[in-house]
Amino acid sequence: MRPRAPRGVLPGALGLALCCLCGALGPWRSGDHGWKKLIMVHHWPTTVCKEIENACSDPPDYWTIHGLWPDKSEECNRSWHFNLEEIKDLLPDMKIYWPDVTHPPNHSHFWKHEWEKHGTCAAQLDVLNSQKKYFGKSLHLYKELSLNSMLQKLGIKPSINYYQISDIKDALASVYGVIPKVQCLPPRQGEEVQTIGQIELCLTKDLQLRNCTEHGEPRSRRWGDAWPARATDEGPGLEVCEDGPAFYPPPKETNH
């Protein structure tokens, strides 16, 4: 229960406080940041390093978290700043499963970006309405979905040989019961095929798996973040993979 305001508080000061509160909540009340689904985004570190043209120092050889994103909604509350202290209990897991692949010593900059851009919108759900809940639930979903293990069991492993995107999507759909979204880097000059970079699994507001694309929904080319600290805005970025062959690069990059 909040303490009563002293009788001597000036009406102007009270009005200012209410104004500030409305400013903080305004984006949620306006309806400008409505969203329908959450996207659990996994990215492949080897491709992250390729996309930003960063050699990366010993990137993980497993899929890591890029973020938990509400669809079509960003930066819902710019006054709700990231506070590392609020997730200090989660840091051991965060550094393993949600690392800043390109700048390993400074993970917090990446987490700050994800909270302020996506977490402040996801926080409209009670189960995600604090920084500890948002990051903690994201870690829980990552472990529960266990994408790394599922890919291994399906025989989908990094290889110098190419995979068909439809085969990967069908295999994942057979396990999860929903259709995922797979994103790739388009082939660059001298490359034969696209490179797999990101796999998204989508959830309802009740955190139940659902198809990432509804029937009749236009195929989105890009959504969400470019990878952090990209060296340049020039050149192709991630796009929804084209049907056809794709390269799933081994951790030690192989020319193709």
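A charge is said to sit over a ring if NZ of Lys or CZ of Arg is within 6 Å of the ring centre and within 35 degrees of the ring normal. The exercises below apply this and related criteria to a predicted model.

**Exercise 1. Identify the charged residue that sits over the ring of Trp35, and state its distance from the ring centre.**

Solution. The residue is Lys205, whose charged end sits over the ring of Trp35 at 4.7 Å from its centre. The distance part of the criterion asks for a position within 6 Å of the ring centre, and the value of 4.7 Å for Lys205 and Trp35 can be set against that limit.

**Exercise 2. Classify the ring pair of Tyr162 and Phe247, and describe the strands in which the two residues lie.**

Solution. Begin with the search of the whole structure, which finds 12 aromatic pairs. For Tyr162 and Phe247 the ring centres are 6.3 Å apart and the planes stand at 80 degrees, so the pair is edge-to-face, given that planes over 60 degrees apart count as such. Next, locate the partners: Tyr162 belongs to strand E3 (residues 159-164) and Phe247 to strand E8 (residues 245-248), so that the pair links distant parts of the chain, 85 residues apart. Then turn to accessibility, where Tyr162 is partly exposed at 33% relative accessibility, whereas Phe247 is buried with a relative accessible area of 1%. Finally, consider the strands themselves: E3 and E8 pair in the antiparallel sense over four bridges, with Tyr163 opposite Ala246 in E8. Strand E5 (residues 194-203) also pairs with E8, in the parallel sense and over two bridges, and here Ala246 in E8 is the bridge partner of Gln194.

**Exercise 3. Describe the largest nonpolar core and trace the contacts of Trp111.**

Solution. The largest nonpolar core has 48 residues, and those with the most contacts inside it are Leu38, Trp111, Phe135 and Ile196. Helix H5 (residues 131-145) contributes the largest share of this core, namely six residues. Once neighbours within four places in sequence are left aside, the residues in contact with Trp111 include Phe82, Trp98 and Phe135.

**Exercise 4. Determine how many disulfides the structure holds, and describe the links Cys76 to Cys121, Cys184 to Cys241 and Cys202 to Cys212.**

Solution. The structure holds four disulfides, and with bonded cysteines counted along the chain they follow the pattern 1-2, 3-4, 5-8, 6-7.

- Cys76 is joined to Cys121 with an S to S distance of 2.1 Å, and the torsion about this S-S bond is about 100 degrees, so the disulfide is right-handed. Cys76 lies in the loop between strand E2 (64-70) and helix H3 (91-97), and Cys121 in helix H4 (residues 107-122), 45 residues apart. Cys76 is buried at 0% relative accessible area, and Cys121 is buried at 0% as well.
- Cys184 and Cys241 have their sulfur atoms 2.0 Å apart, and a torsion of about 90 degrees makes this disulfide right-handed. Cys184 is in strand E4 (residues 181-185), while Cys241 is in the loop between strand E7 (239-240) and E8, 57 residues apart. Both Cys184 and Cys241 are buried.
- Cys202 and Cys212 have their sulfur atoms 2.1 Å apart, and the link is right-handed, with 105 degrees about the S-S bond. Cys202 is buried with a relative accessible area of 1%, and Cys212 is buried with 2%.

Conventions
Residues are numbered from 1 along each chain as its sequence is written. This is a predicted model: local features need pLDDT of at least 70, side-chain atom pairs count only at pLDDT 80 or more; totals for chains, interfaces and linings use all residues. Side-chain values use heavy atoms; hydrogens and water are left out. Rings of Phe, Tyr and Trp (its six-membered ring) pair if their centres lie within 6.5 Å; planes under 30 degrees apart count as stacked, over 60 as edge-to-face and the rest as tilted. Buried means under 20% relative accessible area, exposed over 50%, partly exposed in between (1.4 Å probe, protein chains only). Two strands pair if DSSP finds at least two bridges between them. A nonpolar core is a set of buried Ala, Val, Leu, Ile, Met, Phe, Trp, Tyr and Cys residues joined through side-chain atoms within 4.5 Å. Contact means heavy atoms within 4.5 Å. A disulfide is a pair of cysteine sulfur atoms within 2.5 Å.
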